[in-house]
Amino acid sequence: MQHKSVMTSALVPWRRLSSLIAQCSLLVGVMSLGADALAQFNAVGPGWLQPHERRSGLAFKSEDLQNQQNDDAINPGFLWVDQGAKLWSESPSPQAPSCQSCHLSAPISMKGVALKYPLWNAREKRLINLDKRINECRVKKQHAQSFPYESDELLALSSWITLASRGMKLENSIDQSLVPAFERGKAFYEKRIGQNNLSCAHCHTAHFGQRLGGEIISQGQPHAYPAYRLEWQKMGSLQRRLRACLSGVKAAILPFGSEELLELEVYLNFRGQGLRLESPGVRR
Amino acid sequence: MGARILIPPSPKAGDVIDVRILIQHPMETGFRHELSGSAVPKNVIRQLKLDFNGQLLLDAELGTGTAANPFLQFQTQLFESGWFTLSWVDDLGVEGTERVQCNTRAS
Amino acid sequence: MKTLRPSKRELLQSALALLAVVASPFRVRAQNTEGQSEEFQKLLLSLTQGVKLKEGKIQISMPRLADNGHSVPLKLSIDSPMSQEDHVKTLVILSPRNPRPLVAKMNFSPRNTKLNMATRVRLNGSQSLWVLAQMSDLTWYAKSAEVEVTESACLDAS
């Protein structure tokens, strides 16, 4: 792969042109994206994809994998969804409430909830994603120990809650509080990292659809997570997938729950607006 | 560890149906290593049985060559309503079981 | 002066060497099982008890290039009436290149009505997957299918 500067020639000519057109039409875009906050910064950059360009990772996968995801009966992710449904209705201890006793039926009460995360916790001045939110409830309301990151229980609850939003479009209204996180996530996405000296944009914006080894590169969209990844032989979160990419370019692997990973999630969610949530996804 | 037995809803008596089984199990090969360097011990589902109303439909012996979270699909002909019962045991002796009811309607 | 043309002696030596290679027992065999390792041959023998493996009846459907060796979909169908007199008794799936070649062994009966099966296998590298079926008359049928398995493009240490 050519190691060109991201800022100048990572984009093939027609993408650079479309990026230029997009910059000119940004003001118009602000209205359709529905947030004044966008006017304050330039969302379009080397990592950006225009709405009509955005594709699900599933589009780059084999027919076998697509069938596996699209058929709930054979989608292995549903084993975690089932486990989540069970945990939802169970109390961790006799005195503690179950999720169900407060939130009632998840398919109804959790509809659209997963799409709101990560969000900015103003009081604690940090980002919070769905995993952290589940654990907060677990500790504060259920008086139980928080689940470790990537534990089956946390993945199960996260998958069960996210299922309620399946099919809904990623349409976060990016409010003022998320702007700094968005900017930092964007900077991370565009920055060269690791021994391989690659930015996310190099593969997932400049070369999606092309091959790396025997695999076709996707756009790095976040909407299918939590997903069952064949490589992991189990369900995993978006953060795990981001860590996998970091190890792929031989960069320092950021810890689960770190602010940088959450900022990247914010940027990715916004970059993928218009795609419909596919979780539980099935990926290579 | 959960499992799913998937059958068509209300099949007609006499129909040949697809039965699909999915079991949550890591099917550890014994060749995987932790970051510390130690090998994760082998633990796979050794034996798996599926019966319908007590009649054995599938008797399988699995190994490390079966993918994690085993999936199996096969056919059977149904003549009556009843229960599908799936039972399995792994290398550690942990047993699992799952049942699903199937109501056939008259053809 | 040394010339580039071979001498008569050199030509004769080459011809004899060629004849030795052609006549040797190490050239490519016609039988489909004998290209496999000795260990695999022993496994086949222990399963079939020396009964000859026939061709036919088994259809295997697998991707030519696996997405990931950890989980490769396998569909197979066996042409059998699954009647009391004529049905598939045992199905064996083998992966010669895996450390433990026996993938699965399944017993069936006429209650199964049809034999269209699907499962997901783990493959330790590109190989031919073997499917053996023993019929109710104790004959054995065999079929193999080639699958390419590549390493993941990026190291995943997540």
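In the predicted model, B:Asp59 stands opposite C:Asn107, a residue of strand S5 of chain C. Strand S4 of chain B and S5(C), which covers residues 102-107, are joined by four bridges and run antiparallel. Strands and helices are DSSP runs numbered from the N terminus, with at least two residues (E) for a strand and at least four (H or I) for a helix; two strands pair if DSSP finds at least two bridges between them. Residues are numbered from 1 along each chain as its sequence is written, and chains are lettered from A and ligands numbered from 1 in the order in which they are written. As the model is a predicted one, local features need pLDDT of at least 70 and side-chain atom pairs count only at pLDDT 80 or more, while totals for chains, interfaces and linings use all residues.

Between chains B and C, 22 residues of chain B are in contact with 23 residues of chain C, a contact being a pair of residues whose C-beta atoms, placed from the backbone, lie within 7 Å. On the chain B side, strands S4 (55-62) and S5 (71-77) each supply at least two residues. That side consists of 11 nonpolar, nine polar and two charged residues. In this classification Ala, Val, Leu, Ile, Met, Phe, Trp, Tyr, Cys and Pro are nonpolar, Asp, Glu, Lys and Arg are charged, and the others, Gly among them, are polar.

An open sheet of six strands has the order S1(B)-S2(B)-S5(B)-S6(C)-S3(C)-S2(C), with antiparallel pairing. S1 of chain B and strand S2 (58-61) of chain C stand at the edges with a single partner strand each, so one side of each has no neighbour in the sheet. Direction ignored, neighbouring strands of this sheet are turned by 15 degrees against each other on average. S2(C) and strand S3 of chain C (residues 72-78) run antiparallel and are joined by four bridges, and C:Gln59 stands opposite C:Ser77 in S3(C).

Chain C contains two helices and eight strands, which run α-α-β-β-β-β-β-β-β-β from the N terminus on. Of the 158 residues in chain C, 30% are buried. A residue is buried if 20 or more other C-beta atoms lie within 10 Å of its own, exposed if 12 or fewer do, and partly exposed in between, with C-beta atoms placed from the backbone. Among contacts in chain C with a separation of 6 or more, 62% involve residues 24 or more positions apart.

Chain B has a mean pLDDT of 93, and 99% of its residues reach 70 or more; pLDDT is the predictor's confidence in each residue, from 0 to 100. Confidence in chain B is lowest in S5(B), with a mean of 92, and highest in strand S6 (residues 82-90), at 96. Chain B also touches chain A, where 10 residues of chain B are in contact with nine residues of chain A. Strands S1 (3-6) and S2 (16-23) of chain B each supply at least two residues of this side, which divides into five nonpolar, three polar and two charged residues.

In chain A, 10 of the 11 residues of helix H12 (residues 238-248) are buried, so the helix is largely enclosed by the rest of the structure. The buried residues include A:Leu238, A:Arg241 and A:Cys245. Their cover includes strand S6 (234-236) and H13 of chain A. A:Lys250 follows H12(A) and has a positive phi, near 60 degrees.

Helix H13 (residues 259-271) of chain A contains A:Glu259. A:Glu259 counts as partly exposed because 14 C-beta neighbours lie inside 10 Å. Neighbours within four places in sequence aside, A:Glu259 is in contact with A:Arg126 and A:Leu127. The C-alpha atoms of A:Glu259 and A:Ile128 are separated by 8.9 Å, although the residues are 131 apart along the chain.

H13(A) packs with helix H10 (residues 179-190) at an angle of about 90 degrees, with the axes 7 Å apart. Axes are lines fitted to C-alpha atoms, for helices over the stretch in contact, and angles between N-to-C directions run from 0 to 180 degrees. H10(A) and H13(A) are therefore roughly perpendicular, given that angles of 65 to 115 degrees count as such, those under 35 as roughly parallel, those over 145 as roughly antiparallel and the rest as oblique. Their contact has eight nonpolar, one polar and four charged residues.

Definitions and conventions: Contact = placed C-beta atoms within 7 Å.
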